[in-house]
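Subject: Structure handover

Hi,

Here is the structure I promised to pass on. Please open it alongside this message; my notes follow below.

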Amino acid sequence: MNKFLLIALISLTVSKNVILIGDSRYVGMAVLLMGFDYSTITKYYGTGTNVRSKTPRKINGNNIHVTAQVSASSYTYKPGSEIYISAHNQLKTAAPGTTVLLWLGINDLDAIDSTFNFYKNFATTYKTLNFYAVPVTGINERKISIKNTKVQSFNSQLKDKINKANLSNLKYKSILSGNDVNTIMVDGKPVAIDSYLTADGLHYGKAGYEQLWKAMTKIL
């Protein structure tokens, strides 16, 4: 075999190390895509509201770790809080070059400063890791008393703060189609992600998380 072809084939099969840090939407992704049994999370991963994987699971060849907390918000971002400690414990053992996908905000859209500072703290502490803030996707306004315009505003402010911070390892990476928080780009095509929302108007079913993950892999 041509040695250059062999090198190319090897490069295509190299797994990337990825850490997901977020709220209950990442908990749902962990359960439905990575195979965590939510009923056993208390036994293996802590209190039951917080998930921190001990060993990676594979999605499309990538080694995925997850730290996520149900209802994560500005109240849980403070130093010493459960998700703060859990995330740092996950990050401090990560290999250099690991990609970290940050997906927080839907539980506290008024906490833009707290969310940004939470992200900035990670990036300035772990300079060998690559942090990408993923925009918050929308909700079903008929089910939840939140307007998607507020989600759009949160994303816009977060993007602005990250760009102005000018940190080499913290970037805002959109998966949205324009500013539409209920449409994501998957394989170059817009997908109405709100059509995958479950009855609670906030979380997604397995098919929705699969679409979201396809969109997020473009960041990797």
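Lys-161 and Asp-113 form a salt bridge, with their closest N and O atoms 2.9 Å apart. Lys-161 sits in helix 6 and Asp-113 in helix 5, so this pair ties together parts 48 residues apart in sequence. Both ends are partly exposed: Lys-161 has 27% relative accessibility, and Asp-113 has 44%. Bear in mind that this is a predicted model.

The structure holds four salt bridges. Here are two others.

Lys-150 pairs with Asp-110, at 3.2 Å between the closest N and O atoms. This bridge also links distant parts of the chain. Lys-150 belongs to helix 6 (residues 148-165), while Asp-110 is in the loop between strand 5 and helix 5, 40 residues away. Asp-110 is exposed, at 59% relative accessible area. Lys-150 is partly exposed, at 36%.

Asp-160 and Lys-164 meet at 3.3 Å, N to O. This pair lies within helix 6, four residues apart, which means a separation of about one helical turn. An α-helix has 3.6 residues a turn, so residues three or four places apart point the same way. Asp-160 is partly exposed, with 36% relative accessibility. Lys-164 is exposed, with 65%.

Now the core. The largest nonpolar core has 67 residues, and Leu-101 and Phe-131 touch the most other members. Helix 5 (residues 112-125) gives the most to this core, with six residues. Leaving out residues up to four places away in sequence, Phe-131 touches Leu-91, Val-100, Leu-102, Phe-122, Ala-123, Tyr-126, Asn-169, Leu-170 and Lys-171.

Helix 2 deserves a look too. Eight of its eleven residues are buried, so helix 2 is largely enclosed by the rest of the structure. Those buried residues are Ser-24, Arg-25, Tyr-26, Val-27, Gly-28, Met-29, Ala-30 and Met-34. What do they pack against? Their partners are strand 1 (17-22), strand 2 (50-52), strand 3 (57-59), strand 4 (62-69), strand 5 (99-103) and helix 7 (206-217).

Ser-24 is part of helix 2 (residues 24-34). Its relative accessibility is 11%, so Ser-24 counts as buried, the cut-off being under 20%. Setting aside neighbours within four places in sequence, Ser-24 contacts Gln-69, Val-70, Ser-71, His-203 and Tyr-209. Just after helix 2, Gly-35 adopts a positive phi of about 85°.

Best wishes

Definitions and conventions:
Residues are numbered from 1 along each chain as its sequence is written. This is a predicted model: local features need pLDDT of at least 70, side-chain atom pairs count only at pLDDT 80 or more; totals for chains, interfaces and linings use all residues. Side-chain values use heavy atoms; hydrogens and water are left out. A nonpolar core is a set of buried Ala, Val, Leu, Ile, Met, Phe, Trp, Tyr and Cys residues joined through side-chain atoms within 4.5 Å. Buried means under 20% relative accessible area, exposed over 50%, partly exposed in between (1.4 Å probe, protein chains only). Helices (H or I, at least four residues) and strands (E, at least two) are DSSP runs, numbered from the N terminus. Contact means heavy atoms within 4.5 Å. A salt bridge is a side-chain nitrogen of Lys or Arg within 4 Å of a carboxyl oxygen of Asp or Glu.
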